[in-house]
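Biologist: Could you take me through this model? Please begin with the terms.

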Amino acid sequence: MKMEKTNAESVWIRFFYGTLPGRLLLKPLVSPWISRLAGRFLDTRVSRILIPFFRRKCGISMRDVIVPDGGFPSFNAFFCRKRQGKATDGDASMISPCDGLLTCIPIRKGSLYDVKHTGFTLAELLGDGRLAEEFQGGTALIFRLTPAHYHRYVYAVDGEVLSWRRIKGIFHCVRPICTRQIPVYAQNAREYQVIRTKELGKIVQMEVGAMLVGRIVNEPPRSRKAACGEEKGRFEYGGSTIILLLQKGKIPLGSPLWIRGMREGEQEITLGERLI
């Protein structure tokens with residue numbers, strides 16, 4: 001499947017995030033009401049006219065896609081399309097929760113991230129300083145989803161859901177040029193669950209919304225159990241991000257995941273692919 005290149009940001013993204021006039025115009029565009037308005041249009045039958053153009057532009061394959069009788073009723077229905085099958089590795093302690101582009105980042109002293117040269121604290125990201133302390137010296141796995149990716153996601157681990165939180169925010173784009181300019185992940189609307197596992201201790205699985213993503217749609221939990229590979233939810237239109245936080249020592253620096261990340265940087269990964 002054809003994916004966008006990280007260095008191929010569009011002209012309008014460069015304008016809004018890379019110039020002073022653009023940043024002055026950006027503020028109203030990242031507000032939640034703009035995302036809600038766009039979301040309402042993309043839920044209408046009229047929005048179906050966008051589907052063929054979007055498919056061609058992003059090179060989206062329809063293989064294994066479940067198409068409703070009568071076709072997709074709206075653009076958002078197509079964007080949140082389901083696929084056949086359940087991709088997971090039964091022997092894995094952790095799998096990729098989504099299709100996307102993965103970056104592995106150490107949680108450094110002072111909880112400071114360095115995501116594309118943007119600094120922000122783990123406490124800002126979580127909205128909880130005490131919880132942030134539990135992940136000092138650990139690892140963040142950041143999965144960036146482009147519009148062409150599959151936008152349903154699953155639980156990355158088996159475990160007990162200890163808590164759930166939603167943080168209202170704004171809706172910045174998550175492309176690399178944007179994260180270089182603004183601490184996007186600590187400002188955008190986001191939801192997360194804290195999950196206790198047998199092999200990895202506590203982890204955090206977080207969904208982060210982006211520009212024109214008015215909704216992070218998580219399935220209501222049937223119990224306090226997370227089942228690895230079970231669908232957790234979906235993003236509606238736009239690029240988005242999923243973040244997994246692991247505690248110190250759970251990913252050895254010499255592991256294949258780290259070696260691959262150091263060699264390739266942001267790496268293509270598929271839903272269900274074994275991480276640990």
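Predicted model: local features only at pLDDT ≥ 70, side-chain atom pairs only at ≥ 80, totals over all residues.

Biologist: Which residues does Leu244 contact, leaving aside neighbours within four places in sequence?

Modeller: With those neighbours set aside, the contacts of Leu244 are Met94, Pro97, Thr139, Ala140, Leu141, Phe143, Ala156, Val204, Gln205 and Leu275.

Biologist: Which members of the largest nonpolar core touch the most other members?

Modeller: Met94, Leu102, Leu141, Phe143, Leu244, Leu246 and Leu275 do, out of 25 residues in that core. Two or more residues each come from β3 (100-106), β4 (139-145) and β12 (240-246). There is also a second, separate core of 18 residues, which includes Leu122, Leu126, Phe135 and Val208. A nonpolar core here is a set of buried Ala, Val, Leu, Ile, Met, Phe, Trp, Tyr and Cys residues joined through side-chain atoms within 4.5 Å. Buried means under 20% relative accessible area, exposed means over 50%, and partly exposed lies in between (1.4 Å probe, protein chains only).

Biologist: Why would such side chains sit together?

Modeller: In soluble globular proteins, nonpolar side chains tend to be buried together.

Biologist: And overall, how many helices and strands are there?

Modeller: The protein has ten helices and 13 strands. Helices (H or I, at least four residues) and strands (E, at least two) are DSSP runs, numbered from the N terminus. Of the 276 residues, 51% count as buried. Among contacts between residues at least 6 apart in sequence, 76% join residues at least 24 apart.

Biologist: Turning to α4, which of its residues are buried?

Modeller: In helix α4 (residues 50-58), Ile51, Phe54 and Cys58 are buried. Viewed down the axis of α4, these residues fall within an arc of 65 degrees, so they line one face of the helix; the arc is that of the directions from the helix axis to the C-beta atoms. Phe53, Arg56 and Lys57 are exposed on the other side of α4.

Biologist: What do the buried residues of α4 pack against?

Modeller: They pack against α5 (75-79). Just after α4, Gly59 has a positive phi of about 65 degrees. In the loop between α4 and β1 (65-66) lies Asp64, a residue other than glycine whose phi is also positive, near 70 degrees. Asp64 is partly exposed, at 41% relative accessible area.

Biologist: How many aromatic pairs are there?

Modeller: The count comes to seven. Rings of Phe, Tyr and Trp (its six-membered ring) pair if their centres lie within 6.5 Å; planes under 30 degrees apart count as stacked, over 60 as edge-to-face and the rest as tilted. The ring centres of Phe75 and Phe78 are 6.5 Å apart and their planes stand at 55 degrees, so this pair is tilted. Both residues lie in helix α5, three residues apart, about one turn of the helix. Phe75 is buried at 3% relative accessibility, and Phe78 is buried at 1%. Tyr153 and Phe235 form a tilted pair too, 5.0 Å centre to centre with 50 degrees between the planes. Tyr153 is in strand β5 (residues 152-154) and Phe235 in strand β11 (residues 231-235), so the pair ties together parts that are 82 residues apart in sequence.

Biologist: Which residues do ring pairs link into a cluster?

Modeller: Phe54, Phe72, Phe75, Phe78 and Phe79.

Biologist: Which rings have the charged ends of Arg81 and Arg83 over them?

Modeller: The charged end of Arg81 sits over the ring of Phe78, 4.8 Å from its centre, and that of Arg83 sits over the ring of Tyr150, 3.8 Å from its centre. A charge sits over a ring if NZ of Lys or CZ of Arg is within 6 Å of the ring centre and within 35 degrees of the ring normal.

Biologist: Lastly, is Gln193 buried or exposed?

Modeller: Gln193 is buried, with a relative accessible area of 5%, and belongs to strand β7 (residues 190-197). The side chain of Gln193 makes a polar contact with that of Tyr155 (3.1 Å). A polar contact is a pair of N or O atoms within 3.5 Å; within protein, one must be able to donate a hydrogen and the other to accept it, and residues adjacent in sequence count only if both atoms are side-chain atoms.

Terms used:
Residues numbered from 1 in each chain as written. Heavy atoms only, no water. Contact = heavy atoms within 4.5 Å.
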